[in-house]
Amino acid sequence: MTTAECYALIGADYTEVLRRMGNEDRVRRFLLKFAEEPSYGLLCRSVEAGDAKEAFRAAHSIKGVCLNLGLTALYRSAGDLCEELRGGAFTDAVPGLLRRVGEDYLKTLNGIRELAQA
């Protein structure tokens with residue numbers, strides 16, 4: 001699997017990230033590091049602990065990393081959750097938004113794992 005194929009698989013914007021980062025090796029290197037990024041785990045723990053402010057910070061971090069890497073689907077779902085948590089409290093919309101982030105995160109992570117094995 002090529003890096004471009006991985007991006008297509010996970011619904012991400014390879015053309016834009018390649019334009020910004022300059023070459024495929026750099027994109028691939030940073031994309032593979034995504035699996036080590038701790039914000040999704042922090043988000044889950046924060047929600048479980050009832051800490052909306054920390055959950056907001058974690059969602060915001062996910063959003064930023066995904067923007068930089070061109071991970072469009074996860075960027076959007078994390079952004080929606082981030083905005084919902086911006087007020088510092090959990091709302092009725094948070095569980096559904098968190099579920100969507102989780103689905104997009106797993107799809108992204110699985111695609112990156114496939115790339116790592118290629």
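## Contacts along the chain

Of the contacts in the chain with a separation of 6 or more, 63% are between residues 24 or more positions apart; a contact means heavy atoms within 4.5 Å. This is a predicted model, in which local features need pLDDT of at least 70 and side-chain atom pairs count only at pLDDT 80 or more, while totals for chains, interfaces and linings use all residues. Residues are numbered from 1 along each chain as its sequence is written, and side-chain values use heavy atoms, with hydrogens and water left out.

## Fold and overall shape

The chain has seven helices and zero strands. Helices (H or I, at least four residues) and strands (E, at least two) are DSSP runs, numbered from the N terminus. The order of the elements from the N terminus is α-α-α-α-α-α-α. The radius of gyration is 14 Å, close to the 13 Å given by the globule rule for 118 residues, so the chain is as compact as a globular protein of that length. This radius is taken over C-alpha atoms, and the rule is 2.2 Å times the number of residues to the power 0.38.

Along the principal axes, the C-alpha atoms fill a box of roughly 40 × 25 × 20 Å.

## Surface and charge

Buried residues account for 38% of the 118 residues. Buried means under 20% relative accessible area, exposed over 50%, and partly exposed in between (1.4 Å probe, protein chains only). The chain exposes about 6400 Å², of which carbon and sulfur atoms supply 51%; the areas come from the Shrake-Rupley method with a 1.4 Å probe.

The chain has 16 positive and 17 negative charges, and their mean positions are 4 Å apart. Lys and Arg count as positive and Asp and Glu as negative, without His and the chain ends. Each charge is placed at NZ of Lys, CZ of Arg, CG of Asp or CD of Glu.

## Aromatic rings

Rings of Phe, Tyr and Trp (its six-membered ring) pair if their centres lie within 6.5 Å; planes under 30 degrees apart count as stacked, over 60 as edge-to-face and the rest as tilted. There are three aromatic pairs by this rule. The ring centres of Tyr40 and Tyr105 are 4.0 Å apart with planes at 15°, so this pair is stacked. The pair links distant parts of the chain, 65 residues apart: Tyr40 is in helix H4 (residues 39-49) and Tyr105 in helix H7 (residues 94-117).

Tyr40 and Tyr105 are buried. Ring pairs join Phe34, Tyr40 and Tyr105 into a cluster.

## Tyr75

Tyr75 lies in helix H6 (residues 72-85) and is partly exposed, with a relative accessible area of 27%. Leaving out residues up to four places away in sequence, Tyr75 touches Lys63, Cys66 and Leu67.
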